[in-house]
Amino acid sequence: MKKPVLALSIIILIIIALSVTRVVFSNGMSTSGVALDQIQTEISVYKIQNTILKEKLLSMTSLDYIASKASVLGFVESKTNISLNRSIPLAIKQ
Amino acid sequence: MIWRYRVILVILILAFLAVLSRLFYWQVVKAENLSQLGQLQYERSIGNLAERGEIKTSDNFPVATNKISYLVFANPKQIKNKTDTSLVLSSQLSVDKASISAALSKDKYWVSLKSGLKIEEKEKLEGLKIPGVGFEETYTRFYPEASMAAHLLGFVGKDDLGKDKGYFGLEGYYDRLLRGKEGTAVEVYDALGLPVLQEASNSPEKVKGNSLVLNINRAIQFITDEKLKKGIERYSATGGVVAVMEPATGNILALSSFPSFSPSEYGEFGASLYKNPSISNLYEPGSTLKPLIMSAALDANLVTPQTKCNICDKPVSIGGYEIRTWNNEYFKDINMVDVIRHSDNTGMVFVGQKMGIDRMINSLNKFGIGEGTGIDLQGETSQSLPPKNKWYAVDLATRAFGQGISVTPIELLVAFSSIASGGLRMEPHVVGAIQTADGKTIKISPKVLGRTISENTSKVMTEMLVNAVNKGEASFARLKGYRIAGKTGTASIPIAGHYDPNKTVASFIGYAPADNPKFVMLVIFDKPTSSIYGAETAAPVFFDIARQILLYYGISPSEE
């Protein structure tokens with residue numbers, strides 16, 4: 001009976017190739033946890049910065065703040081209404 | 001030899017069965033527990049707090065939003081030097097040392113130390129690297145306009161389980177819509193505690209709360225808040241209310257009331273301040289009720305503007321009571337236009353007697369007096385009208401000029417605005433639209449509650465009210481050039497069975513421009529002391545606010 005040398009060689013080669021591939025991929029992914037941790041920390045920092053900026057923006061665009069700033073800058077409330085009306089005709093042609 | 005084989009075979013079979021039964025125990029009986037135990041080693045649940053919906057004014061500016069804050073917790077079992085740690089935490093968190101010490105002495109793995117910590121405070125404490133102390137990210141309500149419209153907004157407190165819950169105002173009324181649905185996310189970690197590259201599985205049921213877009217106009221609300229505060233100081237009143245509504249739609253444009261509270265520090269204020277006086281306080285409206293009674297009598301053709309009062313030349317005696325005018329001046333054969341102009345109580349007694357009890361009750365019901373308005377705020381009250389058999393002749397007389405009957409400011413505003421809107425009583429609405437978490441907008445349409453008077457009667461009544469503004473007691477304060485319809489009110493306060501002559505509720509109600517009203521407004525001062533009359537307190541504030549609103553809307557004067 002002839003030994004299936006070729007078939008066995010192919011199988012062994014495939015096993016070796018797959019093992020090497022797995023090692024390469026595992027090696028590549030082994031540091032991805034660290035990278036993910038860094039990304040998540042970065043996201044958290046941006047999230048916090050966004051919140052602080054949103055808070056500042058809303059506070060500075062509030063009427064309460066604008067009115068107090070306007071008062072400091074010397075703006076006062078207008079006590080008179082000025083409106084432009086049509087002049088009254090002297091005579092109306094019937 | 002055979003028996004030896006058999007013994008070994010039995011031993012092997014028993015051993016095999018023992019292994020099999022143990023496997024069955026771990027794989028079937030204890031499978032769930034082991035699975036959970038395993039998950040704990042490589043998975044961590046991250047609390048995914050659902051953000052509470054925002055409350056925005058009509059210009060889409062959030063008057064109630066969220067900001068990130070932190071809850072500080074500790075694991076007492078990891079803290080070795082509890083005395084020193086308590087001292088440091090106490091000074092950093094501004095919490096007394098005894099409370100921190102007590103928390104750290106507990107035989108627990110997790111104790112809460114303080115919530116609502118700001119980002120800067122958290123970073124400062126984190127920098128100290130105290131072992132056994134951790135932080136949990138939470139959301140706290142943030143009010144960019146500080147305490148503006150506090151009664152309207154309500155506040156967010158905690159329920160029995162320590163979860164956020166809205167109380168009073170919009171936070172209370174729309175709590176279910178505003179609160180989101182909390183969820184959890186799972187992250188997978190390796191043996192070193194580093195996250196493994198895979199998407200955190202978000203719990204699908206986590207939903208952000210819906211946001212509310214109000215009909216409240218931020219500029220008008222700001223104006224009313226400022227003017228009311230100044231008015232209360234100027235007239236030394238104990239409190240006040242300003243309510244502004246769009247008569248054609250029932251949209252509430254502003255709702256101010258003082259004394260008030262700060263929604264972000266509600267715990268520092270007395271619980272009595274949480275109630276919104278605009279919807280919860282009952283008061284006798286006095287002369288501001290007269291236009292409702294007069295318009296009902298006009299609508300029923302019981303009187304016309306030219307009808308002369310034949311009992312107005314002297315005080316009117318009914319059931320042993322003597323009814324006088326507010327200034328003790330009497331006008332013989334005064335007509336209905338001047339009854340409103342002079343706010344003549346005897347003239348209103350004449351109108352009340354013409355109406356009779358049945359028609360009076362029916363008219364008040366049409367105006368929604370005693371029924372509540374259905375406004376979308378938590379805490380609305382109302383006082384039902386007494387049954388017909390409890391009405392005496394003197395009640396008919398006094399209720400015709402607004403004494404002996406109680407209403408809430410919003411009830412009166414809604415009833416009065418029906419005169420401005422051609423006789424249609426609209427349901428008041430603070431919220432104009434709901435923005436769902438998935439970006440959809442659901443608009444709330446105006447709702448007609450019923451017709452109070454005919455369109456023609458509303459026009460006649462408007463002219464009588466414009467005349468009252470131009471020639472009545474408050475004419476000194478009116479806005480020249482604008483046609484404004486309005487009525488003053490000075491109601492005595494009932495105390496222990498009688499009316500206190502020195503304590504009043506001073507008010508003014510009106511709308512502008514009279515021919516095409518953009519707003520109807522009610523101004524109330526509670527127990528003003530510099531003057532007790534509505535014409536001298538509430539009316540000037542009304543016209544001051546009205547001037548600002550007309551300017552804001554860009555409405556120019558219609559008369560020279």
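Predicted model: local features only at pLDDT ≥ 70, side-chain atom pairs only at ≥ 80, totals over all residues.
Two strands pair if DSSP finds at least two bridges between them.

**Strand β10 of chain B**

Start with β10(B), which covers residues 211-214. B:Ser211 and B:Val213 point one way from the strand, while B:Leu212 and B:Leu214 point the other way. All four of these residues are buried.

Which strands does β10(B) pair with? One is β2(B), residues 55-56, which runs parallel to β10(B). Two bridges join them. Here B:Ile55 has B:Leu212 as its bridge partner. The other strand is β16(B), residues 431-435. Four bridges link β16(B) to β10(B), and this pair runs antiparallel. In β16(B), B:Gln435 stands opposite B:Ser211.

| Partner of β10(B) | Residues | Bridges | Direction |
|---|---|---|---|
| β2(B) | 55-56 | two | parallel |
| β16(B) | 431-435 | four | antiparallel |

**Domains of chain B**

Now step back to the whole chain. Chain B is divided into domain 1 (2-41), domain 2 (66-143) and domain 3 (218-263 + 272-553). The C-alpha centres of domain 2 and domain 3 of chain B are 53 Å apart.

**Where chain A touches chain B**

How many residues of chain A are in contact with chain B? There are 19, and they touch 21 residues of chain B. On the side of chain A, two elements each give two or more residues: α2 (32-60) and α3 (63-72). The most come from α2(A), with 12 residues. By type, this side of chain A holds seven nonpolar, nine polar and three charged residues.

Methods
Residues numbered from 1 in each chain as written. Chains lettered and ligands numbered in written order. Domains from an automatic or database assignment. Contact = placed C-beta atoms within 7 Å. Nonpolar A, V, L, I, M, F, W, Y, C, P; charged D, E, K, R; others polar. Buried ≥ 20, exposed ≤ 12 C-beta atoms within 10 Å, placed from the backbone.
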